[in-house]
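I opened this entry to record what I looked up in the model. My notes follow the structure.

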Amino acid sequence: MAKKQVDKNKSQDNAESPLVAVIMGSQSDWDTMKHAEETLAKFGVAHECRVISAHRSPGLASEFGSTAESRGLEVIIAAAGGAAHLAGVMAAHTTLPVLGVPMRSEALNGLDSLLATVQMPGGIPVGTLAIGKPGAVNAALFAVAILANSRPELRKKLHEFREAQEAKIRATKL
Ligand code: RP5
């Protein structure tokens, strides 16, 4: 299957104004972060996906974080690898909840990304998920849970998701 390019400028997949932004430091993060996108799509949550680098495009990062609230976003999922500043930089520019997903890095297998994302000094919170694909999926589920606080239809979908997960385990025969 052809590799999907993250659209750097536009919302994708839905015409509605996005509630969740999935941003990542590099196109190379997409193979992992597409799992966040797929999860949001499964729940029917309007979202956008973009490449924004805290260090390669600091102006864009600052602009995106500063305007996120006024553009109607409610949650930002920020993925980065290595010296992973993106989630922290977003959190510095907005009071929206920011969920950080550490990317598995070549040099340190993601431990660098995890520590850089999770160890925010007090005052600017980043909710950090697991390294890699589980973190990408869980960041999306966490975003849905946040949105579900004021959207009963999403709460219902989350219950159904959990029930389906449990039913699958119960039906597993070894
Ligand atoms: C980070 O550096 C990105 O989030 C990515 O995980 C990592 C490597 O980026 P590339 O060199 O592959 O563009 O900024």
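Predicted model: local features only at pLDDT ≥ 70, side-chain atom pairs only at ≥ 80, totals over all residues.

A backbone N or O atom of G81 lies 3.1 Å from an oxygen atom of the ligand. I then asked how much of the ligand's accessible area the protein covers. On its own the ligand has 360 Å² of accessible area, and the protein covers 69% of that.

Next I looked up side-chain contacts to the ligand. For D29, I found a polar side-chain atom 2.6 Å from an oxygen atom of the ligand. For S28, an N or O atom of the side chain is 2.7 Å from a ligand oxygen atom. I listed the residues around the ligand as G25, S26, S28, D29, H55, R56, A80 and G81.

I noted five strands in an open sheet, ordered 2-1-3-4-5, with parallel pairing. Strand 2 (47-51) and strand 5 (127-128) are the edge strands, each pairing on one side only. I checked strand 1 (residues 20-24) against strand 3 (residues 75-80): the two pair in the parallel sense over five bridges. V20 has V75 in strand 3 as its bridge partner.

Which residues make the nonpolar surface patch? I recorded L108, L111, L115 and V118, with a patch area of about 350 Å². I placed V118 in helix 4, which spans residues 111-118.

Definitions and conventions. Residues numbered from 1 in each chain as written. Heavy atoms only, no water. Patch = residues over 30% accessible without salt bridge, like charges linked within 9 Å, V, L, I, M, F, W, Y side chains within 5 Å. Areas by Shrake-Rupley, 256 points an atom, 1.4 Å probe, with all protein chains shown as cover. Salt bridge = Lys/Arg side-chain N within 4 Å of Asp/Glu carboxyl O. Helix = DSSP H or I, 4+ residues; strand = E, 2+ residues; numbered from the N terminus. Near = heavy atom within 4 Å. Polar contact = N/O pair within 3.5 Å; in protein donor to acceptor, adjacent residues only side chain to side chain. Pairing = 2+ DSSP bridges.
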